[in-house]
Amino acid sequence: MTDKLPLSRPVLVASLPDTGTTVKFAPDADVRAALAETFGIPGIPKLTAQVTLVPRSKGRVLVTGHVDAVVTQTCVVTLEDFDGPVSEDIEVEFAPPEQLPEIRPGAEIDVTELDLPDPLIDGTVDAGAVVAEFLALGLDPYPRKPGVAFKGVEEMTDAEASPFAGLAKLRGGEEK
């Protein structure tokens, strides 16, 4: 596997018009199969997305949009593959690395603050990587086929839990 995502579409921030630009995605079967492999799922039968990149002050970029997909996942109860929808809104801000606070190992981070922007890499935003990230965030970590319920383990009484109870059942009698 290469370091490059199958759905890579870098957009140079310096080339963005003041009104922004919109990028649409409808990847072919090969790209969807490569993404599915990257995510460790059986398949992605359908994927469409649209993102809008709008420049902001100080070299920042706001990326908004939406991703819609049908993904094939494996049911955690029956281990059967099934298709299910993913629909995610996209909103993320990017900033030049020098505008981001330095986070040192072991330093405390205040998670109550607003989300920090993602760093721009070489002055670009990879719109395809953003779509792939939000698609991955929309995947169910414990997918269940519709209509399938997980039945928990039934509690056994002390008599049933006894190894002698199992032997008694094998003999055709009950433990006394």
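Select K145 and E80 in this predicted model: their side chains meet in a salt bridge, with 2.9 Å from N to O. The two residues belong to distant parts of the chain, 65 residues apart. K145 sits in the loop between helix 2 and helix 3 (158-161), and E80 in the loop between strand 4 and strand 5. K145 is partly exposed because its relative accessibility is 28%. E80 also counts as partly exposed, at a relative accessible area of 38%.

How many salt bridges does a search of the whole structure find? The search finds three. E93 lies in strand 5, while R56 is in the loop between strand 3 (43-55) and strand 4 (61-74); the pair links distant parts of the chain, 37 residues apart.

The side chain of R60 meets that of E93 in a salt bridge of 3.7 Å, N to O. R60 lies in the loop between strand 3 and strand 4 and E93 in strand 5, so this pair ties together parts 33 residues apart in sequence. Side chains of opposite charge can pair when their charged atoms come close.

With R56, R60 and E93 displayed together, one network is in view, joined by salt bridges that share partners. Colouring by accessibility shows each member as partly exposed: E93 at 23%, R56 at 42% and R60 at 22%. Buried would require under 20% relative accessible area, so E93, at 23%, is classed as partly exposed.

**The largest pocket**

Strand 5 (81-95), strand 6 (118-119), strand 7 (124-126) and helix 2 (127-138) each give two or more residues to the lining. The space in this pocket is about 430 Å³. Rolling a probe the size of a water molecule over the atoms shows where empty space is left.

Which kinds of residue make up the lining of the largest pocket? Its residues divide into 12 nonpolar, one polar and seven charged.

P96 is placed in the loop between strand 5 and strand 6. Is P96 buried or exposed? P96 counts as buried because its relative accessibility is 12%.

**The nonpolar patch**

Move to helix 4 (residues 163-171), where F164 is found.

**The whole chain**

Four helices and seven strands are present. Following the sequence, the pattern reads β-β-α-β-β-β-β-β-α-α-α. Of the 176 residues in the protein, 28% are buried, with P96 one of the buried residues.

Notes:
Residues numbered from 1 in each chain as written. Predicted model: local features only at pLDDT ≥ 70, side-chain atom pairs only at ≥ 80, totals over all residues. Heavy atoms only, no water. 1 Å grid on protein atoms, 1.4 Å probe; cavity = no way out; pocket = protein on both sides within 12 Å on 5 of 7 lines; lining within 4 Å. Points joined across faces, edges and corners; volume = space filled by probe spheres on them. Nonpolar A, V, L, I, M, F, W, Y, C, P; charged D, E, K, R; others polar. Buried < 20%, exposed > 50% of the residue type's maximum accessible area, 1.4 Å probe, protein only. Salt bridge = Lys/Arg side-chain N within 4 Å of Asp/Glu carboxyl O.
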